[in-house]
Amino acid sequence: MPPNSSAANAPLPALPSDHRELVLKVIPMPADCNANGDIFGGWVMAQVDLAGAVLPARYVRGRMATVAVNQFVFKQPVRVGDILSFYSHVTRIGRTSITVMVEVFAERFSAQGQYVKVTEASLTYVAIDREGRPRPIPDEARAEWKAPD
Ligand SMILES: CC(C)(COP(=O)(O)OP(=O)(O)OC[C@H]1O[C@@H](n2cnc3c(N)ncnc32)[C@H](O)[C@@H]1OP(=O)(O)O)[C@@H](O)C(=O)NCCC(=O)NCCS
């Protein structure tokens with residue numbers, strides 16, 4: 001099905017309850033708006049970067065840095081007062097990097113109890129040492145991770 005078809009954008013009756021983990025909830029404020037009155041995309045990107053770091057932080061066990069935003073799709077506008085839920089799962093653990101998928105769902109005033117996916121993104125974080133150089137992900141952390149089926 002095309003990703004932008006109306007069926008793909010239909011509200012969901014519930015938030016995910018599978019392998020995806022809730023890593024952040026936040027309500028955007030009027031100060032976060034763009035000239036259209038919707039929420040500024042840069043604000044959403046900053047929240048996604050923060051949310052995306054949560055699962056890698058468990059594995060990296062020390063300093064890390066965002067090295068790449070591999071993909072970022074604004075599927076629907078975000079509005080003031082939306083209750084945003086950020087879900088994440090790890091898609092890859094490399095030698096020094098971890099890649100996650102972050103999906104953002106909005107519960108709106110006008111449709112409480114229904115959730116619209118507003119954003120999805122893939123980001124990569126790198127474990128770094130004190131000098132800021134890449135360092136290996138600890139073996140025991142890697143062993144804890146189960147790749148998605
Ligand atoms: C993160 C940083 C230390 C990586 O250094 P680097 O010399 O590029 O390191 P490498 O080429 O050895 O790559 C390290 C890992 O990052 C991955 N990586 C590098 N560039 C990437 C890219 N464009 N997309 C996805 N992954 C990338 C590599 O595949 C490698 O992962 P692996 O070891 O799991 O295979 C360096 O790029 C840096 O300091 N960037 C700035 C980070 C920053 O300021 N972020 C914003 C604020 S947190």
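Trainee: How many residues surround the ligand, and which are the closest?

Mentor: The model is a predicted one. In it, 13 residues surround the ligand, and the closest are Ala 68, Gly 94, Arg 95, Thr 96 and Ser 97.

Trainee: What is the strand order of the open sheet?

Mentor: The 5 strands follow the order E1-E3-E4-E5-E2, and their pairing is antiparallel. Neighbouring strands of this sheet are turned by 25° against each other on average, direction ignored.

Trainee: Why are E1 and E2 called edge strands?

Mentor: Strand E1 (21–26) and strand E2 are edge strands because each pairs on one side only.

Trainee: How many bridges join E3 to E4?

Mentor: There are 10 bridges between E3 and E4, which run antiparallel. Ser 85 stands opposite Phe 105 in E4. The two strands form a hairpin with 3 residues between them.

Trainee: Why is Lys 25 called exposed?

Mentor: Lys 25 has 11 C-beta neighbours inside 10 Å, so Lys 25 counts as exposed. Lys 25 is found in strand E1. Leaving aside neighbours within four places in sequence, Lys 25 is in contact with Ile 83, Leu 84 and Ser 85. The C-alpha atoms of Lys 25 and Ala 106 are separated by 9.9 Å, although these residues are 81 residues apart along the chain.

Trainee: What makes Asp 82 count as buried or exposed?

Mentor: The threshold for a buried residue is 20 or more other C-beta atoms within 10 Å. Asp 82 has 22 C-beta neighbours inside 10 Å and therefore counts as buried. Asp 82 lies in the loop between E2 and E3. Beyond its neighbours within four places in sequence, Asp 82 is in contact with Ile 27, Pro 28, Ala 106, Glu 107 and Arg 108. From C-alpha to C-alpha, Asp 82 and Ser 110 are 9.5 Å apart in space and 28 residues apart in sequence.

Trainee: Why is Ala 57 called partly exposed?

Mentor: Ala 57 has 16 other C-beta atoms within 10 Å, so Ala 57 is partly exposed. The place of Ala 57 is in helix H2. Its C-alpha atom is separated by 9.5 Å from that of Ile 98, 41 residues apart along the chain.

Trainee: How do you know that Arg 61 is partly exposed?

Mentor: Arg 61 has 13 other C-beta atoms within 10 Å, and is therefore partly exposed. Arg 61 sits in the loop between helix H2 (54–60) and E2. Phi of Arg 61 is near 55°, a positive value in a residue other than glycine.

Trainee: What makes Arg 130 count as buried or exposed?

Mentor: With 8 C-beta neighbours inside 10 Å, Arg 130 counts as exposed. Arg 130 is found in the loop between E5 and helix H3 (139–144). Arg 130 and Gly 62 are 68 residues apart in sequence and 9.5 Å apart from C-alpha to C-alpha.

Trainee: Finally, which residues have the most contacts inside the largest nonpolar core?

Mentor: That core has 24 residues, and those with the most contacts inside it are Val 48, Val 78, Phe 86, Val 102, Val 104 and Tyr 125. Two or more residues come from each of helix H1 (41–52), E3, strand E4 (97–107) and E5. Leaving aside neighbours within four places in sequence, Phe 86 is in contact with residues including Val 48, Val 102 and Val 104. In soluble globular proteins, nonpolar side chains tend to be buried together.

Note on methods. Residues are numbered from 1 along each chain as its sequence is written. This is a predicted model: local features need pLDDT of at least 70, side-chain atom pairs count only at pLDDT 80 or more; totals for chains, interfaces and linings use all residues. A residue is near a molecule or strand if its C-beta atom, placed from the backbone, lies within 6 Å of it. Helices (H or I, at least four residues) and strands (E, at least two) are DSSP runs, numbered from the N terminus. Axes are lines fitted to C-alpha atoms, for helices over the stretch in contact, and angles run from 0 to 180 degrees between N-to-C directions. A nonpolar core is a set of buried Ala, Val, Leu, Ile, Met, Phe, Trp, Tyr and Cys residues joined through C-beta atoms within 7 Å. A residue is buried if 20 or more other C-beta atoms lie within 10 Å of its own, exposed if 12 or fewer, and partly exposed in between; C-beta atoms are placed from the backbone. Two residues are in contact if their C-beta atoms, placed from the backbone, lie within 7 Å.
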